[in-house]
Amino acid sequence: MMNLLWLIPILPLAGFLILALHGEHLSRRLVAWVGCGSVGMSACITALVGVEFFHGLPDRASYQQTMWNWIDTSEMTVGLSWHLDALSFLMVAVITGIGFLIHLYSTEYLSDDDGYARFFAYMNLFVSAMLTLVLADNLLLLYLGWEGVGLCSYLLIGFWYHKPEYGTAAQKAFIVTRIGDTAFAVGLFIIFTQLKTLSIQQVQTLAVEAWPVGSNIAMIVAVLLLIGAVGKSAQLPLQVWLPDAMAGPTPVSALIHAATMVTAGVYLIARMHDLFALAPLVQGIVAVVGLLTLLLAASSALVQHDIKRVLAYSTMSQIGYMFLALGVGAWSAALFHFLTHSCFKALLFLAAGSVIHSLHHEQDIFRMGGLRRQLPWTFWTFLIGAAAMSGVPLITAGFYSKDWILWSVWSSPLSQQWMWVGALLGAFLTGLYSFRLIFRVFFGEVRTAAHGEPGLAMRVPLVVLAGLSLSVGFLEIPHTLGGLSLFGPYLSQVLPTMEVRPGMDDSSEAFEQIAVTCSALLGIGLAAFFFLPRVSVVDRLVGTAVGRFFVPFWQGGWGFDRLYERAFIQPWFALTRDAGEFLDRGYGVLVTGAEFCHVRLSRTQTGHIRWYAATIAVGTLMLLGLFAL
Amino acid sequence: METLFYIAAAVTLLATLRVITHVHAVHALLYLVVALIALSLIFYLLGAEFAAALEIIIYGGAIMVLFIFVVMLLGPLAVEQERTWLTPGAWVGPSILALVLLGEVGYLIVAGDLPAISIQEPRQKAVSIALFGPYIIGVELASMLLLPGLIGAYHLGRRLSSEAR
Amino acid sequence: MLSTPALLLATMLFGLGLIGLLSRRNILYMLLSLEIMLNAAALAFIAGGARWGQVDGEIMFLFILTLAAAEVSVALGIVLQLSYRFRTLDADAFSEMRG
């Protein structure tokens, strides 16, 4: 069964090829079958591979499969080879499983769109690229998937390209992530020149042997990889593309946020964890970046009007949690949060899509309200998703993963106390903005009438994801609450377990958990206090001087867009406009010079073959004379 | 042996001179054939027997036949020369030069084992080994050159025949 | 040693070929001159090979032979085309590609 591994990324690719080449001639039903079926079959094969993987786990922690050599020179061998271990299997399972549910959902969501086949072609390519990324055995293949993901995000964000602002959003996503990609590529170059290999396993072992802890070269490489990860995962300071990426259809957002794209950065850092362990300073930066992003995004999410923008900022915030966990060395906790986050974020986006679908593409939450009765399915699933995201204790998955992260931040020897305080504040804000959304959209008076619940193809993924959002947390229950640890030991094959700082015992863990629970519940309660009453308390708050300053500031994502506009875009355009004249004159000289030479030279083109022969002979003679001298 | 070389060289030079000065294409071709045969004798004297054989077979044979075919095909342009082709002037010169070469070859056969030109060991074996060893890329390139040659000749010739109809 | 006079002969043949190439206007003669020049080059290679007792000279001769065969087949095709189109073999008449 293991040798079917290569089919997992290839099947969606085949789906893409079929749909891209013949999609226009296929019926919608067939397109849906191909688009959904390819990812579904990938998921089935993942399950088959998984069965054998778990049976064979004690014997070997990883499985390698080489299809053929992609590049083979004397100094460099890059194979098209797949590497399956606990980490990549987790990623593959999430990508194919959740990817399939999102595809299923899209069959109905986009059922009356003109670009039906095009949509599924891009989606399949997206899934294929992401699978290539996580299954890659070497960094170059990983980079191929990395770029493929970037390309597909561009294509899908700009899916409705006839609206110019959507095209701009797509370009923004592409260009901003490109900054990270460039840094990542430079990092790869340095790794290759230093270590003469690109295989992930070899790079890690060689780096540990060759570079001492804290050495400059390790720091440089780690920083470059971090910039790459930051660009893909939309962390500070390259986070500006993600809110605008909401221009794409809602299933695309779900796919980008839950299963693919933004988690690539988390995966990269977890994959290269040995390298980051060599650069403690950079690992500290990872934690700080994560913390800052999670606070920035959470505060921005509080004041957004667009339902999808709220979710976009919430994704940034949750990825910030993952980065924070990676930064303090809690690798497994970060991956656990990735797992739960994929479930509840896909659920939230799909439920939001269902709301938008029912309201005829209305996205402003201030024009929604009272949808609880009209859309009960959507309401309950959305509620579960929001509860999981804010970490409602005991019953939701988000609680267990977030609690693990916060406990790691609290107890890790690599972290500081203020990080924990910041993360706690983030948990509070998460509860606040999640339930702001719930209360705005599903409670209060009805502002826009919904036209009925979505159909089966949209409802099934919602229910399945809601079930997952409640249940996957039970894979890892802290021992203060009974203690069931399946996820940590599973990942300990590939990722080191975190050491706990001395002096941390059960009582401090219990205290820490109570603090987390309280902050999340406080956020939810405050949301109920602010947004549930008919005369909103929050309107008065916004009206004060402090509110008038902070609300626009937060709405603009802390003004980063304007900052970049001022700092980079405008100077660049100014440069091209003014310096353009000068440069053009330089090119003008070139043109005249070329024309002048051309006139002279074209005279020598007599068209007489004997003249050409004579010039060749003379030229040869002159060269010979030159050598003779 | 040096005498043989100089005679052959003289024949080559004379024949070549006639090639570039002659006005009739077929005559020039005849002289060129003679020059090639004399050259192959020189190759033989230099110890390259196989090259000498190839020079006669491929150059003097195949390539020159191609030329003659073309001269034939050029018919209308060469028709006024048709009558002058078979005059003694056309064949006397080449014949004399060819006779000189014949004499040389006869002398070589009669004189027998002159040390420098006797076939010492299968030199061709070394050539073949080198050809398909270090020079294998050259062989590949030559095959790549011949294929376009084939296609080009086919294409150019085909267009002519279809348009001529 | 015969290689020095052989090289001398090759030079002279090459010169004769070049003279023919440059002085004759008939394209057929230009091709013949080209053949002479190729032969001169081949002779130079053979002479070099004989001088050093190496087989490389003969190998280069084989390559030149291949080159000549390919060249002649294409060139004669072109000559036929030209004569068909222009009704002449005058090389100077085919100067439509002047710059």
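Tutor: A residue is called buried under 20% relative accessible area, exposed over 50% and partly exposed in between, with a 1.4 Å probe and protein chains only. This is a predicted model, in which local features need pLDDT of at least 70 and side-chain atom pairs count only at pLDDT 80 or more, while totals for chains, interfaces and linings use all residues. Residues are numbered from 1 along each chain as its sequence is written, chains are lettered from A and ligands numbered from 1 in the order in which they are written, and side-chain values use heavy atoms, with hydrogens and water left out.

Student: What percentage of the residues of chain C count as buried?

Tutor: Helices (H or I, at least four residues) and strands (E, at least two) are DSSP runs, numbered from the N terminus. Chain C has three helices and zero strands, in the order α-α-α along the sequence. Of its 99 residues, the share that counts as buried is 59%.

Student: Of the contacts in chain C with a separation of 6 or more, what percentage is between residues 24 or more positions apart?

Tutor: A contact means heavy atoms within 4.5 Å. Among the contacts in chain C with a separation of 6 or more, the share from residues 24 or more positions apart is 57%.

Student: How is the pair of A:Phe119 and A:Phe120 classed?

Tutor: Rings of Phe, Tyr and Trp (its six-membered ring) pair if their centres lie within 6.5 Å; planes under 30 degrees apart count as stacked, over 60 as edge-to-face and the rest as tilted. The whole structure holds 21 aromatic pairs over all chains. The ring centres of A:Phe119 and A:Phe120 are 5.6 Å apart and the planes stand at 85°, so the class is edge-to-face.

Student: Which residues do ring pairs link into a cluster?

Tutor: Two of the members, A:Phe119 and A:Phe120, are both buried. Joined by ring pairs, the cluster consists of A:Tyr116, A:Phe119, A:Phe120, A:Phe159 and A:Trp160.

Student: How many residues apart are A:Phe379 and A:Phe442, and how is their ring pair classed?

Tutor: Both A:Phe379 and A:Phe442 are buried. Their ring centres lie 5.2 Å apart with planes at 55°, so the pair is tilted. The pair links distant parts of the chain, with A:Phe379 in helix 17 (residues 376-390) of chain A and A:Phe442 in helix 19 (residues 417-442) of chain A, at a separation of 63 residues.

Student: Over the ring of which residue does the charged end of C:Arg24 sit?

Tutor: A charge sits over a ring if NZ of Lys or CZ of Arg is within 6 Å of the ring centre and within 35 degrees of the ring normal. In chain A, A:Arg600 lies over the face of A:Phe596, 4.3 Å from the ring centre. The charged end of C:Arg24 is 3.8 Å from the centre of the ring of C:Tyr29.

Student: Which helix gives the most residues to the lining of the largest cavity?

Tutor: On a 1 Å grid over the protein atoms alone, a cavity is a set of points where a 1.4 Å probe fits but cannot get out, a pocket is an open set with protein on both sides within 12 Å along at least five of seven lines, and lining residues have an atom within 4 Å of a point. Grid points are joined across faces, edges and corners, and a volume is the space filled by probe spheres set on the points. The largest cavity holds about 80 Å³, and its lining includes A:Tyr313 and A:Met316. The most residues, three, come from helix 14 of chain A.

Student: How many residues in the lining of the largest pocket are nonpolar?

Tutor: Ala, Val, Leu, Ile, Met, Phe, Trp, Tyr, Cys and Pro count as nonpolar, Asp, Glu, Lys and Arg as charged, and the others, Gly among them, as polar. The largest pocket has a volume of about 720 Å³, and of its 25 lining residues those closest to the centre are A:Ile609, C:Ile27, C:Ile78, C:Leu82 and C:Phe94. Helix 3 of chain C gives the most to this lining, with nine residues. By class the lining has two polar and four charged residues, and the nonpolar ones number 19.

Student: Is A:Ala234 buried or exposed?

Tutor: A:Ala234 lies in the loop between helix 8 (216-233) and helix 9 of chain A, and its phi is near 55°, a positive value in a residue other than glycine. With a relative accessible area of 0%, A:Ala234 is buried.
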